[in-house]
Each structure stands twice: as C-alpha cells, then as structure tokens.
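The following exercises are to be worked with the sequence and the structure in view. Each task is followed by a solution in steps.

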Amino acid sequence: MKRPETAMTLIHEIIGDAPFLYEGSFTDGITHAEKLGYDCVEIHASSADELKDPSLFDALESCRVRVSALGTGRLYVNAGLSLTSPDAANRSEAVRQLKGFIDCARKLGCLVILGCVRGNIPAPSDRPEVLRLLGESLKELDQYAQAHSVCMVFEPINRYENNYLCSTYEVADFIRQYELANTRMMIDTFHMNIEEKDICQSIIDNLPYIKYAHFADSNRLYPGQGHIDFPVILETLLSNGYNGVISAECLPLPTKDEAARGWLMSMKELLEQYAERNKTNWD
Ligand code: LER
Ligand code: MN
C-alpha cells in the first residue's frame, strides 16, 4: 500500500499564534523539510510573486521534496483581501491574486488552499449576500482553475476564526450548490474537533470531496499532545481510500523544531500502527 505523503508548513514570518512549523526563506525551508524526512512542503506566501523566485525552483529540483499545496490566507491576514468583501475592488483584487496562485500551482503541480480568504459575515442579515458573493468569486476562480488543470481545496474552519462554512457538510453542500468542478475540500482535524458531530462519520460522508488534510491535535499541538483519536481518524481515511497528503499545520510549540520533529515522529508511529493492524506494508 502506498504510504500517505507528509508535508511541512512554511511561511516567511510567523505572526501571533499562526500554526506553521518553519519560518524563513522557502528555499531553506525546503532543505530543512527534506533533512527532517518530510515528503512535501506546504507554502504560505503573501502573494504569488513570492513564489516566482527562481531559487525556489532550483531548490525543488535538487531535492526529493515537492510542494503539496499553496496556502492563501496571507491575502486576507496581511493584505485584507477577501472573496466576499462588500468593496468590489477588494474582491476583484482577491480574485486576481488567487489567479496568480493558481498559475504558480500549475507550475508546481500542487493544490491551492482556500481558507480565511473567504472573509466573514459582518451581521446575520448579510449572510445571503456574502454567500452569493462567495459563489460568484469562486465560480470565476473555479473556471480559471479548470482551464489551468489546478484543483482548489476549500477548508472548513472553526467558528471562532470564520463564521460560516465551518463544517465539512456545509462546504460539500456549497460546492454542490454552485456546481464547482475544480473546487474540492480539505480537512483540518483541529477545526473538525470543534465543528463536526462525529469526525469519522463526516469523513466517510464527504470523502469524495476530501483531497487534503491538516493534522493538529485538539489544542493545535502536534498529534499526541491533545485528545483527538488519530488512530481512528487515520484508519477511517485510509481504509476508505483517501490518498491525499497529510500536512503538519500545528502550533510551533514547544519550539518550531520540536514540533516539526514531534509531528513527523507521531505520524510515523500512527502509520506503523495502521500497517500492523491492517497487516499491510508501506511501499
Ligand atoms: C486556519 O485556522 C487554518 O487552519 C489554516 O489552514 C489557514 O492557514
Ligand atoms: Mn488548517
């Protein structure tokens, strides 16, 4: 059986309690991820321009690590851009920037993550309009992604960070309602622990849409440091045919390095236990 690939999250600068494991240049992050034994890197750039650095492509060519996904949350966090802003100029700049990410993802052969760039619903009465604007923006991006053979993954995010599309069921319904062809979803166990009635059942019910995963524990530390039942979640994913990447998006605590090593060590243990239980070997 093919072992799921692992990814380490990279960002230029960790601000506040952002859940990323490597801070610095992306090229150094790629070398570091390879040294630790990760298969992939998930890059959170502030703009697509940051991904055009030729040394990034040189670094990727000279090692076995690949880019699994591009995070886009910096567009919202750093630049205040949102797919649902009431300001049309802000929305169209968000769409323009995301098209830049899609162009890069095509070159890198990776996914594009859509998370907090959805924006928030300012007041309950704004809900229909925000959903309409999101549908409109995503439809345009979805068509662009389709023309460029790139898959986008929408992330259900817990209610304390984003106040709509918080659960897997809501996101799957949205994708169906707007008939998005190249937009699927990803899961994040930290958010699922808050939002899903039953994490494993929600994976089973939405599996055809789930293309990527962030693994962090209930306290957002690396798996094993909180109370999420990772053996059961991994069993549910793999025994139902999930073949996407599992990415280390967790708090860089107690230190970035300990978290990056600890995450990978607990993933290796989980995979060994899975192989033993299921009497299988990893290719
Ligand atoms: C947001 O909480 C999250 O889970 C990230 O994937 C966003 O960068
Ligand atoms: Mn996440």
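Donors are N, O and S atoms within 2.8 Å of the metal (3.2 Å for Na, K and Ca); water is not among the atoms, so sites may look incomplete. This is a predicted model, in which local features need pLDDT of at least 70 and side-chain atom pairs count only at pLDDT 80 or more, while totals for chains, interfaces and linings use all residues. Residues are numbered from 1 along each chain as its sequence is written, chains are lettered from A and ligands numbered from 1 in the order in which they are written, and side-chain values use heavy atoms, with hydrogens and water left out.

**Exercise 1. The metal site**

Determine which residues coordinate the manganese ion (ligand 2), and how these donor residues are spaced in sequence.

Step 1. The manganese ion (ligand 2) is held by Glu-155 (OE), Asp-188 (OD), His-214 (ND1) and Glu-249 (OE), at 2.1 to 2.2 Å.

Step 2. Along the sequence, the donor residues follow the spacing E-x32-D-x25-H-x34-E.

Step 3. Helices (H or I, at least four residues) and strands (E, at least two) are DSSP runs, numbered from the N terminus. Glu-155 lies in the loop between strand S6 (152-154) and helix H6 (168-177), and Glu-249 in the loop between strand S9 (245-248) and helix H10 (256-277), so the pair ties together parts that are 94 residues apart in sequence.

Step 4. Six donors count as octahedral if opposite donors are over 155 degrees apart and all others between 65 and 115. The site of the manganese ion (ligand 2) has six donor atoms with angles of 69 to 175° among them, and is octahedral.

Step 5. Both Glu-155 and Glu-249 are buried; buried means under 20% relative accessible area (1.4 Å probe, protein chains only).

**Exercise 2. The cysteines**

State how many disulfides the structure holds.

Step 1. A disulfide is a pair of cysteine sulfur atoms within 2.5 Å. The structure holds zero disulfides.

Step 2. For Cys-40, the nearest cysteine sulfur is that of Cys-110, 9.8 Å away. For Cys-110, the nearest is that of Cys-104, 8.4 Å away.

Step 3. Cys-40 has 0% relative accessibility and counts as buried; Cys-110, at 6%, also counts as buried.

**Exercise 3. Helices H1 and H4**

Identify what covers the buried residues of H1 and of H4.

Step 1. In helix H1 (residues 26-36) the buried residues include Phe-26, Ile-30 and Leu-36.

Step 2. Their cover includes S1, S2, S3, helix H2 (54-61) and H10. Gly-37, with a positive phi near 110°, follows H1.

Step 3. Helix H4 (residues 88-108) has 21 residues and reaches 30 Å from its first C-alpha to its last, close to the 30 Å expected at 1.5 Å a residue. The expected span of a helix is 1.5 Å times one less than its number of residues.

Step 4. Among the buried residues of H4 are Leu-98, Phe-101 and Cys-104. What covers the buried residues of H4 includes H2, strand S4 (66-71), helix H3 (74-77), strand S5 (111-114), helix H5 (127-147) and S6.

**Exercise 4. Contacts of Leu-234**

List the residues that Leu-234 touches, not counting residues up to four places away in sequence.

Step 1. Leu-234 belongs to helix H9 (residues 230-239) and is buried, with a relative accessible area of 0%.

Step 2. Contact means heavy atoms within 4.5 Å. Leu-234 touches Phe-215, Ser-239, Ile-246, Leu-270, Leu-271 and Tyr-274, with residues up to four places away in sequence not counted.

Step 3. Leu-270 lies in helix H10 and counts as buried at 8% relative accessibility.

Key. Tetrahedral: all angles 85-135°; square planar, octahedral: opposite > 155°, others 65-115°. Buried < 20%, exposed > 50% of the residue type's maximum accessible area, 1.4 Å probe, protein only.
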